[in-house]
Amino acid sequence: MTGELEERIMPRFMYGTAWKEDETTRLTRLALECGFRAIDTANQRKHYYEAGVGEAVGGAIDDGLVERDELFLQTKFTYVAGQDHRLPYDADAPFSHQVEQSFNKSLEHLGVAFIDSYILHGPSRRMGLGKADREVWRAMEKLLEEGNVGAIGVSNVTADQLRQFVDIAEAPVAFVQNRCFARAGWDREVRQICDANDITYQGFSLLTANVRELQSEAISEVADRHERTIAQVVFRFAVQVGILPLTGTTSEQHMREDLACSEFDLEDEELELIESIAGIPDTF
Ligand SMILES: NC(=O)c1ccc[n+]([C@@H]2O[C@H](COP(=O)([O-])OP(=O)(O)OC[C@H]3O[C@@H](n4cnc5c(N)ncnc54)[C@H](OP(=O)(O)O)[C@@H]3O)[C@@H](O)[C@H]2O)c1
């Protein structure tokens, strides 16, 4: 994490706005009212309603609930393959122009002049990086240079792809946003690369990708010991091992519970147990 970004704002928890459609504005507003200050979206109408996020942000600023400087807004550039017909750019344009067009639309949707973090939603291929990824990354570096974004990063990357991004990057890769599987040691290999390169790892699907592991007796015992929910234990675990967690909950109670994971600490042995939960044989 660059010093400049750390000084400005370093989110502890991020509210994700995927799959909310007509409820996007209401739920984003609710998340802000509950205390979330970091919001994740994407200029990908198929899964996100970015303009709905912008409506909530604009309303919250107008009503004096938050100031723009207190907010951490993150959005993404998504290749055509991840989009439906509602494209935010001309698909025939070179990738660098697609990034520019998508980014400008994001500013318009969100009603802001600056994006705190801009993410490549996923590489153009399953393995390794393509020419498109290098071109897109350069275009994102240009946005950073021009001062329109605070940080840039990548999502849905393998360890190998992340190493390649780190190699080609002229400006630092500030964030990785990945689905975090307990069975892969909570994405251990990618997180190790992040640690070694001062990259903040954002984890999503912490609950939904790990349903089986989270039914374990061992996790229930930790939750009971702290008188917390299993979700709170998972989010607390994430924070303590250096993961910036995302939640996209639609429930006000869960929003408040998720944020309240800052109110307790797990012991080192509990962190170790959760780190290796997928390998504990007698718990399922
Ligand atoms: N980069 C990418 O490709 C990518 C992909 C997926 C997601 N994301 C980002 O990550 C965000 C979060 O997505 P997610 O996949 O982690 O799933 P999610 O949208 O956070 O869904 C969590 C599920 O767990 C349930 N839940 C139960 N107890 C909960 C609790 N205490 N706190 C939170 N949820 C609880 C929720 O139900 P209730 O609604 O009833 O609480 C919901 O069904 C997305 O909105 C998006 O911003 C990014």
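Two residues are taken to be in contact if their C-beta atoms, placed from the backbone, lie within 7 Å. The structure is a predicted model, in which local features need pLDDT of at least 70 and side-chain atom pairs count only at pLDDT 80 or more, while totals for chains, interfaces and linings use all residues. Residues are numbered from 1 along each chain as its sequence is written. Helices (H or I, at least four residues) and strands (E, at least two) are DSSP runs, numbered from the N terminus.

The strands form a closed barrel of eight, in the order β1-β2-β3-β4-β5-β6-β7-β8, with parallel pairing; two strands pair if DSSP finds at least two bridges between them. From one strand to the next, the twist averages 25°, where axes are lines fitted to C-alpha atoms and angles run from 0 to 180 degrees between N-to-C directions. β2 and β3 run parallel and are joined by three bridges, and I39 stands opposite L73 in β3. Three bridges likewise connect strand β4 (residues 117-120) to β5, again in parallel, with Y118 opposite I152 in β5.

In a regular strand the side chains alternate between the two faces of the sheet. A residue is buried if 20 or more other C-beta atoms lie within 10 Å of its own, exposed if 12 or fewer, and partly exposed in between.

Helix α3 (residues 50-62) has 13 residues and should span 18 Å at 1.5 Å a residue, which agrees with the 18 Å between its end C-alpha atoms; the expected span is 1.5 Å times one less than the number of residues. The buried residues of α3 are E50, G52, V53, G54, A56, V57 and A60, and they pack against α2 (24-34), β2 (38-40), β3 (72-77) and α4 (95-110). G64, with a positive phi near 80°, follows α3.

The ligand is surrounded by 23 residues, the closest being G16, F204, A231, G248 and T249; a residue belongs to this shell if its C-beta atom, placed from the backbone, lies within 6 Å of the ligand. β8 (243-247) and α10 (252-259) are the elements that give two or more residues to the shell, and the largest share, three residues, comes from α10. By class, the shell has five nonpolar, 15 polar and three charged residues, where Ala, Val, Leu, Ile, Met, Phe, Trp, Tyr, Cys and Pro count as nonpolar, Asp, Glu, Lys and Arg as charged, and the others, Gly among them, as polar.
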